Amino acid sequence: MLQSTLILPLKLLARNWSCGELKLLTISLVLAVAVLSGISIFANRLEATLLLQSNSILGADAVVTSSVPIDQSLIDRAAADNIQQSFASTFLSVVYAGDEMQLASIKAVDSLYPLRGQLDISDLVYAEKSSDIRAANTIPAAGEVWVDSRLFAALEMALGDKVAVGDVELTVKHILIDEPDGVNPMSSFGARLVMNSGDLSRTNIPQENYQWLLAAENAQALAEFIETIKPELNQHQSVATLESAQGQLAANLKTANHFLVIASVMAVLLAGVAIAIAARQFSLRHTNQVALMKSLGASALHIRLMYFGQLLMLGVVAALIGLVLGYALQELVALNINHLYRIELAPSSAHPYLLSFTGGVICVLFFALPALWFLPAIPPLKILRRELPVNLPQVWLQVVLALLAILMLMGLFSLDLKITLSATLGLLAVLLVAGMVSWLLLQISKLVVGSLGGVCRLAFAGMQKRKGQSLLQVVIFSLALMLLLTMTIIRTSFIADWQKQIPSDGPNYFIGNMNAADNTAFKQWLQETGIAAPPVYPVVRVRIAQINDVAPSEELRKRHNAFERELYVTGTDMLPDDNKIVAGQWWDAWENSGLDRAGVSIDAEFAKVIGLKLGDKLDFSVGGLTLSAQVASIRQIDWKSLDQNFLFIFEPNALDHFSPNYGAAIFVSPNHKPALNQFARNHPNLLLLDFGGMIANIQKIINQVSNGVGLVLWLTLGAGCLVLFAAVMSSIDSRKQEAGLLRALGSSRRLMLGSVIVEFALLGFLSGLIAIVGAEAFLLALQQFVFNSELQPHLAYWIAAPLLGGLLIATLGIVCCRSLVVTPPAVVLREAA
Amino acid sequence: MLAVQGITKTVATQAGELIILRDISLDVAAGESLAITGASGSGKSTLLGILAGLDVPTSGQVLLNKHALTSLDEEGRARVRADNVGFIFQSFQLLPGLTALENVMLPLELRGNKKAKSLALDFLAQVGLEKRINHYPQQLSGGEQQRVAIARAFASQPKILFADEPTGNLDTATGARIIDLLFELNAEQGATLVLITHEERLARRCQTRIVLSAGAILAAQDNS
C-alpha cells in the first residue's frame, strides 16, 4: 500500500516534473503562496513596527489623562492585574534663566517613565547626527532637568546652568532631543522641559494635567482592564490609545492595508486561474495514461491516490518554496526600507506563515483538485477506443469553486465583508459581461466568416472551431486585465492621494496662543519675512453642554469622543479648502433666524453619529460662560489632511466675547527658522508646535507602504502574465493538428501567423474593453463601500486598455504559436498525433 | 481460461439502437491462442474490450479465469485484470514521460511488486533491449517501442494476454520479428493469447481463428 500511496506518486511526480508537464502548475502555486506570504508577512511586520513606533510616541500602550490625580483604587487594581504603570504631570509655565524667560511645556516624570519608547538626549544643541544623540536609560535625577534645543537656545544658557521652574531652581544636565509625548497637546508646543516628579511639589505650581501611563505584555489583558475602568472615569478623564493618538496615520494605514489585502487576493486569484488552467491541461494530457493504468488493473482508488498524492506533494513543496520566496521578497523590501529610512521592521509573528500556507492549500483544493477530479472515472476502454468521450468537470463548476475559494481567501485575509463582497460582485459582473460579449463575438464571426478572405477568414474560422476555448479565453483575459487595471489605478490614485495630503510645502509649524496684539505682530512679521500668509483662526476651548436644551445622555456620550474633552472651535468666514458644505449654507448665504443663537457649522460625521440636523440647538460651556448656537450648515471634512480642521466653525465674530486666542499653521523653510525663533522669543507666551518631524515620520511610513504596494503590483503583474500565458497555451494542442495540416497543404507562414495575430488581437482588444468596464465597476464598489472616496472615471484607461490588451495578447499569441508555424509540418503532425 | 456465452452489445444512437455484437459464444483453453479477424467495423475491438473486462456486454456472460466479469463492477474487473491480464496495443501505449525500464516497471509497481526493477530488466533483456533501458519512447523506433510493450505485458506474468493489432503500426519485416518474439515469450510463459489482427501470417500462427462480420462470428477455424 505504501508503494501505491507514497512511492509511486512520488516517482510519477518526479517523472512528470522531469518532462516539464508540471512547470506552469508549480510556478502558479509557488507564486500564489509567495504573494500571500510576502504580503501578509510584510503587513504583519509593518503593523507591529507601527504599533511599536506609535506606542513609543505615546510612551505607553495606553494613557489615561486626567485633570485630577488618579484614584488610588484604580492604581491598585492595575497593579493586581500586573499592568505596568508610570505617572507624569504636564503643565505650561514660564521658565527663567538669568534675565531670560520663556513659556515652556513641562513634564514631570517618575523613574519608570516611559513604559514604551525612550528619551533621546544629547550634549549638543539642535543635534541631528545619530552619533551625537543617545538614548537615556533613566530620567533626570532629582534637582536636574533636561531641556529641548529651542528652550535651551531661547534662554541663552549652557549645560550646568540653573533654571527656575516655579519656586525651585534646577540644573540643566542634558539637551532633550526626543520624547514620547503623543497625548499631551501642550507638550508638543516646542520649548520643552523634562524634570523629576520628586521635585514637582517644591515648584508650588498647581497641577491639573495628570498622565497615567499603562503598558502590559499581554495586550488583551490591558484592553480588558481599560474596558473595565472606562465607565468609572469622570468627564475630566479620558483614555488615549494608539488609534486615538494617531487617527490620521491609522486611517492611511487602514487604506494601505485594504489595498494590500485586495492586491494580494487579486494576485492569488490570477495565480489561481493559472493553476486551474494548468491543472486542466495536465489532466487532459493524462487521460490516456489513466486509461492505460486502469487497463493494467489500477483501481479508481489507485488513480485517486496517485494523482491527488502527486498534487498534494507538489502543493506542499510549492507552498514551502512560496513561503521562502515570499519571506525573501518582503525581506528585500524591509532591507530597502532599512537602508533608505533607517527603520528596522519588527519581526513577524507565525500567524502570516500559517495563513499563507492555508491559502496555498485552498488554492490546491479549489483550483487544481477539481480539474483532476474526473480522472478516476475515465473508462479503461478508452485505451482501445480513443474517440470515447470523457466526462470532464464542468467549467461552471470550476468557476463556482474558484469563487468560493476567493470568498474564503478574501474573508481569511481581509476579515472585511465589504471588500469581500465588492470584489466578488465585480468578478461576477466581469464573468457575466465577458461571457455575453464573447458569445456575441462568436455569433457575429459565424455570420461574417464566409464573406471574409485570407487571414481574417482563417482567424474567424479558428475562433468558431474552438468556440469553448475562445469563450474561456476572453473570460480569462478579461479577468486578468481587469485585475491588473484595478491594481494599477488604485495604486496610482493612492500614491497621488497620499502625496496630496502631505505636499512638500505643506504647513510644518503651528503657532497658537496668540492674543490680538500677537496676531497683529504675526501678520506684520509674515509680511517682513515674505512667508505666505496662512489663514489665522480665532480659537476658544469649549465643552458641549446641551443638545436641543438637554444635557447629552450617557448613550450619546458613548457615540463620540467629542463629549469627553475640551474642543478647540473657531469662528470665521473662510471655509477651509478641504471642507465641503453638504447641507445648509455657508455664512455668505446664511441668514440668522433671530433666535439669539450664533450659527455653527458642524462636521458631517459628528452630525450623522449624533443625529443632528440643520436648525438643531447646541449649547457650549466656555470657561463657565455659555455659548448658544444653532446648526447652520454641515461640512464634510477631510480629516486625513494635515491642514487645521475644526469640528465646529461658528459664524464670524461669534467668539469675540469669549477672549479667543489666535492660531495658524504655516510653512517655514529651513532658512526662515532663525527668524521664527526670534519672533517666538519676542513673544514669550506664544505656543509653537513643530510638526515637521511628524510629517517626516508620516512620509517615511507612506514610503514604506508605497514600497510594499509597488512590490505587490509587480507580483500581481507576474501572476497576470502567467494566466495569459496559460490561457494561450491551453489552445496549443488543438492548434497543432490544424497547423500541421494547413502547412502540409501549402499554407504560407505569413497567412497562418497573420491569422494567429488577428485572432488574438481581436480577443485581446475585446478583453481590454470588458476589463476596463469591470475595473471601473469594481473601483466604483471599492470607492463607495470601502474607501469612502470620490467616484472618478478613468478616461485614459478606456482607450489604453483595449489597445494594450490587443497588443499584449497578440504578442503572447505569436510567442506561443510561432513554433507551430516554423516547425516542419511532419513534426507538428507527429506531435499532435 | 476464457468462456464466453451469448454476448451481445448494443448502443443507442440518434438513428435508434445499433447492434455491435450479436450472440457471440466461444471458449479458449489455458495456454491456447485465438486470433480474431474481420473487416473494419466488424466489432473486433469491442469484442476484445469485453473479453478483457475493459467493457461490459449488454447481455451474455464472460468468465475469465473463472471470474464472471459481467457480474463484477469496474473495481472488481480492475482487480481481475491486475491479477490475470496483460495487454499489447497497436499504438504501443507507452507513457512518453517514462523510460523503457520505467514503462515496463509500471504495472508491477501498480501491483506493489517489490522486484519490479529486476523483473523489468530481465524482460527487457529477453526482448533484446538491455542497452536501451533508459531511453524514452520517442528515442526508440516503432519496433523497439512494441518490444518494450511486449516486455511490459509479459513482465507482470499474466495468465491471459490480449493484443490489439500488435503489428498494425509496423513494417512487414519488423512485424515478423515482433510476431516471433510474441510467440516465443508466450510459449515460455504458457499464457493464453487472444489477439486481433488483419495480418494473415499472424492469424495463422494462432491455434484458433474466428472471423467476425457485422458483429457475429462468420467462421471459426482450428489451425492446430
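Reply: I275(A) touches L25(A), S28(A), L29(A), A32(A), C363(A), F367(A) and A368(A), leaving out residues up to four places away in sequence; a contact means C-beta atoms, placed from the backbone, within 7 Å. This is a predicted model, in which local features need pLDDT of at least 70, side-chain atom pairs count only at pLDDT 80 or more, and totals for chains, interfaces and linings use all residues. Residues are numbered from 1 along each chain as its sequence is written, with chains lettered from A and ligands numbered from 1 in the order in which they are written.

Me: Where does α23(A) bend?

Reply: Helix α23 of chain A (residues 795-822) reaches 41 Å from its first C-alpha to its last, close to the expected 40 Å, the expected span being 1.5 Å times one less than the number of residues. Its buried residues include G813(A), C816(A) and C817(A). A bend is the angle between axes fitted to the seven residues ending at a residue and the seven starting there. In α23(A) the bend is about 40 degrees, at C816(A).

Me: In β5(B), what is the bridge partner of L64(B)?

Reply: Helices (H or I, at least four residues) and strands (E, at least two) are DSSP runs numbered from the N terminus, and two strands pair if DSSP finds at least two bridges between them. The open sheet of chain B has the order β2-β1-β4-β5, with antiparallel pairing, and its edge strands are β2 (16-28) and β5 (67-68). Strand β4 (residues 59-64) of chain B is joined to β5(B) by 2 bridges. The partner of L64(B) is H67(B).

Me: Which element gives the most to the side of chain B that touches chain A?

Reply: The contact takes 22 residues from chain B and 23 residues from chain A. On the chain B side, the elements giving two or more residues are α1, α2 (74-84) and α3 (100-110). The most, 5 residues, comes from α2(B).

Notes:
Contact = placed C-beta atoms within 7 Å. Buried ≥ 20, exposed ≤ 12 C-beta atoms within 10 Å, placed from the backbone.
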